[in-house]
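Reader: I should like to learn how to read helices and strands in a structure. May we work through an example together?

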Amino acid sequence: MTWIRGGPKSLDANNILEAIDNSLLRLRSDYIDLYQIHWPDRYVPMFGETEYVPSRQYASVAIGEQLDALGKAVDAGKIRYIGLSNETPYGVMKFLQLAENIPLNSKLVSLQNSYNLLCRNFDTLLAECCHHERISLLAYSPMAMGILSGKYFSPGGGPSDARMNLFRGRYSEGESRYNLSNPILKSAVQEYVDIAIKFGLSPASLAIAFVLKHPLVASAVFGATKAWQLREVLQASKIHLTMEIIAKINKVHARYPNPCP
């Protein structure tokens with residue numbers, strides 16, 4: 001990532017504070033409402049990995065140092081609230097534990113992790129952490145990079161300008177998690193599409209409505225390149241998923257649990 005301050009950097013205090021100052025300059029703003037650490041500085045399994053391998057851990061910046069830097073930014077009025085992203089239950093609780101020893105004017109308020117019909121890892125340990133600590137989930141990739149629309153499994157493999165086609169071979173994180181050649185993924189998507197069709201919904205609306213239904217979700221982070229896609233997503237916010245629909249979704253999930261962790 002050579003475009004980020006000359007290349008990959010660790011999340012030490014100096015780097016965090018420099019990133020905040022540069023963001024304020026680009027935004028032409030006096031403060032940032034919510035500032036989140038994008039992903040852990042330490043090794044954690046993510047983007048398709050399902051097992052923690054102790055030997056892959058490496059020396060990383062202490063969480064206490066990161067919190068201290070964020071606290072200074074809060075005290076200076078540069079940011080108002082802090083959050084995490086792509087975190088684990090251990091990471092969330094460790095941040096909270098160490099935050100007790102640092103005089104922060106803002107507690108941890110958000111967690112931005114992937115959550116969709118194909119990736120429901122949040123539903124277990126992370127959900128418990130967030131519920132008891134009053135942390136809201138900002139669910140990113142609610143459409144699983146558009147896969148839940150079913151377009152990639154249509155004849156021809158979907159539109160040429162669709163993201164997974166346009167950037168094929170150049171998006172390692174996305175392709176490792178959302179492997180279109182995985183037959184389990186294809187089967188799961190087809191069954192979710194069938195549920196949507198049966199109840200007169202678009203597959204996209206079903207996927208978004210499912211995410212918004214979760215009581216711990218504060219917002220769904222989505223991308224739209226066309227006006228009709230935006231209208232479809234907005235329509236999903238008005239959809240009520242019945243118990244019958246949820247039961248059918250859960251049956252598919254039981255057959256194909258988290259094919260895109």
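Author: Let us begin with a helix. Helices (H or I, at least four residues) and strands (E, at least two) are DSSP runs, numbered from the N terminus. The expected span of a helix is 1.5 Å times one less than its number of residues. Helix 2 (residues 63-75) has 13 residues and should therefore span 18 Å, in agreement with the 18 Å between its end C-alpha atoms. This is a predicted model, in which local features need pLDDT of at least 70, side-chain atom pairs count only at pLDDT 80 or more, and totals for chains, interfaces and linings use all residues. Residues are numbered from 1 along each chain as its sequence is written, and side-chain values use heavy atoms, leaving out hydrogens and water.

Reader: Which residues of helix 2 are buried?

Author: Buried means under 20% relative accessible area, exposed over 50%, and partly exposed in between (1.4 Å probe, protein chains only). In helix 2 the buried residues are I63, Q66, L67, A69, L70, G71, A73 and V74. Their cover includes helix 1 (13-27), strand 1 (32-37), strand 2 (79-85) and helix 3 (89-99). Just after helix 2, G77 has a positive phi of about 80 degrees.

Reader: Why is strand 3 described as largely enclosed?

Author: Four of the five residues of strand 3 (residues 108-112) are buried, so the rest of the structure largely encloses this strand.

Reader: How many bridges join strand 2 and strand 3?

Author: Two strands pair if DSSP finds at least two bridges between them. Strand 2 and strand 3 are parallel, with four bridges; G83 has S110 in strand 3 as its bridge partner.

Methods. Contact means heavy atoms within 4.5 Å.
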